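Please look over the sequence and the structure below before reading on.

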Amino acid sequence: MVEKIKQLEMSGITKRFPGVLSNNRVNIQLEAGEVLAILGENGAGKTTLMNILYGLYQPDAGEILLNGKQVRINSPSEAIELGIGMVHQHFMLVPTLTVCENVILGLSKKFFVDLKTAAKRIKEITDTYGLAINPEAYVWQLSVGEQQRVEIIKALYRGANLLILDEPTAVLTPQESNELILLLKNMAQQGNSIILISHKLNEVMAISDRVTVLRDGVVCANVKTQETTQEELAKLMVGREMAPCRREGNYSPGKIVLELQQVHAKGDKGSEALAGVSLQIRENEILGIAGVSGNGQKELAEVIAGLRKLSSGNISLNGKDSTNMSPAEIIEQGLGYIPEDRIHVGTIPSFSIWENLILKDHHRLPFAKYSLLQNRKIMSHSSSQVEKYGIKTPDLETPTARLSGGNIQRVVLAREITRNPVALVAAYPTRGLDIGATEYLHSKLLEARSNGVGILLISEDLEELTSICDNIAVLYEGKIMKVMPVEEADERTMGLLMAGIA
Amino acid sequence: MEGFMSIDIFIIILATGVRLATPFLLAALGEMFVQRSGVYNLGVEGIMMMGAFAGFFATLQQGSPLLGIIVSLAIGALMGLIMAFVSVTFKAEQGISGIGLYMFGWGLSGLLFRLYVGGVTSIDGLKPIAIPMLSDIPLIGQVLFNHNVLVYTAFLLVPLSGIVLYKTSWGLNIRAVGNKPEAADTLGVSVVKIRYQCLIVGGMLAALAGAFLTIGQANMYADNITAGRGFIAIALVYFGRWSPWGILLGSLLFSMADSFQSMVQVLGINFPYELAVILPYMVTIIALAISYGRVWAPAALGKPFERGTRG
């Protein structure tokens, strides 16, 4: 067992990627038993900094001190040997292996794997911290919250006493998040150190002892959590005052633009993913779909967009039946779609911005005449879109693959909203976006709403749902648990519904 | 001969089927390890050709089939290493580099044969070893326990591969690397190393499959002696859903059909031979069509591994 980490210091860390200075002379400090939050927007350099600490990247300059001694960390296995563990945002688990196999992966040096001894040690760890998990279960069978626990166990099993967590609550239900917060506090009390990477202010406020704020690769503040407020942190992180988007004006819905009746559909694995979903979306309305992802959200968006067949039920769009029609026909009837995978489904990554902007209308006037693309029309349309939607790009020919997530979403948004849809399905439109981009997207959705569009907003972010939706439906295991006006949707009620407790 | 088939012919067909399954088993089990680690090697056929020639040539020169086996294993390891170098280190498109390896093996083995041997030359190959006691069991003894050492090896490799894959640390690493290399990487399992090892093992088994054809079956070498068996072996990996027992089933299904069709021709059994000849391939295609599912495939199959460049 290695020496316990009592103190960590990273000083003067600089890391340059082609075209970007990701970390610029960053200093952080951490004592045992402390929870340090590293707060910053996407691209601020948080993950880069932690990947350096975990040995995935080498810094161009700067040093890392553990207990006052300088160390070089060349690889994750060296980091692990020093007692540093990391829980990645995208879990680093092999779905086809069991919990136990995942935990001992890379550790077993003997010829045969000894799963029994490993299971026993896993039990010791889970008992110490109160983490319930079945070591024999396959990872693909576990919920996201359980998978995260496996990640934590994996780190602890390797003797980690400094734990790095990258956006840990991004994928959890409110209840799971609360459990995680308690767990992390408990771990800190037992003398472990924790670094939490986040752009979520409320969780930073709830867990951390101290906050280091990164902006554009530079540390712009280092404060005690108790001595700051959420507003102040937001300002530090974004670099300007924030005015969160709110739904304004009365809820005055018009006629039904999108209606689902008893929709059943199968998921990719062949099991029933939608089990009788009925919903109505009206003009001037945003209906939120809350729920832990994987409860049928993806399938719901896809059946409406025509990308997945219904096994039974009906969908009507703008008063006309659209059940099992082709995506082209549904687009024609006036559906806008912001898909969950904005990069690969929302755009064709290798296509230029102008090509992506006209994807749904390239075959007709004014963009095509006698099947020939009208370059001048397209370019003037595209450059006005780029300007209107504030898409940051060197030129119109840039492939969307090279844009940031927020800018790709602006391209998708520009295309979908400009087509004047009657209804718009937006699946996790702000997932992974930073505060600035999120704010922009919300304002655009609200603008579309006031222009009469009926919007179905699928999200796992309750704050987002409650701030811009008129009504919220909770989806659980392919069923709508309840549809309620936003005023009735408090965190506790929704959390319970999301866990399937009516 | 009364009826369709006598019992003797039936036994011969079964015994031949068992023997014919050998090259498929060896090559497919090797390819299974390769694919389980996340690489597909379409060059199996080329490696088999090289193995077939190397085994034949060493036996011809030294009169020792054992030496033939050793030489072909070494050549197979080398061919696997080349594939690893191109597709793992240089991250070349695996389909293309595999086809390249196939053509390389084909060309080189043919060239070497013409340069150093020239015409039809027969060798003293491996002799069947009847297993005492077991080979005396009626029917089963003839079918299963009177073969040469490579046949036994191939069949023993089935459970052995299962144990390696599911019970050993190496097997755990292979399964992890083939399904989620990022995860393995963060835990200090070297993705590159595991893929190299699997490609080398796969190459050795493919070469052994080739050597079986020359020193365990035909006792001679001819151009294109492998006759597409390497490609069939790749199909059998898919058919067998990347499991040793599935591969065993597929290999036997195919080789029994093959054995049956050759007997039809040789013995003039009353069965349209045009149909018989296509039978093995029909069986494979039908079996693949009804059994194929992406669900069982290693998730990282065919994807070169790269550490993320920006977090």
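What follows goes through domains, cores, surface, backbone and charged pairs in turn.

This is a predicted model, in which local features need pLDDT of at least 70 and side-chain atom pairs count only at pLDDT 80 or more, while totals for chains, interfaces and linings use all residues. Residues are numbered from 1 along each chain as its sequence is written, chains are lettered from A and ligands numbered from 1 in the order in which they are written, and side-chain values use heavy atoms, with hydrogens and water left out.

Chain A is divided into domain 1 (7-238), domain 2 (243-334 + 421-502) and domain 3 (349-419); the bounds come from an automatic or database domain assignment. Between the C-alpha centres of domain 1 and domain 3 of chain A there are 39 Å.

The interior comes next. In soluble globular proteins, nonpolar side chains tend to be buried together. A nonpolar core here is a set of buried Ala, Val, Leu, Ile, Met, Phe, Trp, Tyr and Cys residues joined through side-chain atoms within 4.5 Å. Buried means under 20% relative accessible area, exposed means over 50%, and partly exposed lies in between, with a 1.4 Å probe and protein chains only. The largest nonpolar core has 128 residues, and those with the most contacts inside it are Leu39(A), Leu105(A), Ile152(A), Leu163(A), Leu165(A), Met187(A) and Ile194(A). Helix 9 (residues 191-218) of chain B gives the most to this core, namely 14 residues. Helices (H or I, at least four residues) and strands (E, at least two) are DSSP runs, numbered from the N terminus. With its neighbours within four places in sequence left aside, Leu165(A) has contacts (heavy atoms within 4.5 Å) that include Val87(A), Ile152(A), Leu184(A) and Ile194(A). A second, separate core of 43 residues includes Ile417(A), Leu424(A), Tyr440(A) and Ala489(A).

Is Ser251(B) buried or exposed? Ser251(B) counts as buried because its relative accessible area is 0%. This serine lies in helix 11 (residues 244-267) of chain B. Not counting residues up to four places away in sequence, Ser251(B) touches Ala21(B), Phe24(B), Leu25(B) and Leu236(B).

Chain B also has nonpolar residues on the surface. Ile7(B), Phe10(B), Met133(B), Leu134(B), Ile137(B), Leu139(B), Ile140(B) and Leu144(B) form a nonpolar patch there, with about 730 Å² of accessible area together. Patches are made of residues with over 30% relative accessible area and no salt bridge, with like charges joined within 9 Å and nonpolar side chains (Val, Leu, Ile, Met, Phe, Trp, Tyr) within 5 Å. Accessible areas come from the Shrake-Rupley method with a 1.4 Å probe, and for residues only the protein chains shown count as cover. Helix 1 (7-36) and helix 5 (140-144) of chain B each supply at least two residues of the patch. Met133(B) is in the loop between strand 1 (129-130) and helix 5 of chain B, and it counts as exposed because its relative accessibility is 71%.

Some backbone features can be picked out. Most residues other than glycine have a negative phi, and most peptide bonds are trans. The peptide bond from Leu365(A) to Pro366(A) is cis, with omega near 0°; Pro366(A) lies in the loop between helix 11 (353-357) and strand 17 (368-369) of chain A. Asp216(A), which is not a glycine, has a positive phi of about 50°. This aspartate sits in the loop between strand 9 (210-215) and strand 10 (218-224) of chain A, and Asp216(A) is exposed, at 61% relative accessibility.

The last topic is charge. Side chains of opposite charge can pair when their charged atoms come close. A salt bridge is a side-chain nitrogen of Lys or Arg within 4 Å of a carboxyl oxygen of Asp or Glu, and the structure holds 18 of them over all chains. Arg210(A) pairs with Glu34(A), the closest N and O atoms being 2.8 Å apart. This pair links distant parts of the chain, 176 residues apart, with Arg210(A) in strand 9 and Glu34(A) in the loop between strand 2 (20-31) and strand 3 (35-39) of chain A. Arg210(A) is buried at 13% relative accessibility, and Glu34(A) is buried at 13%.
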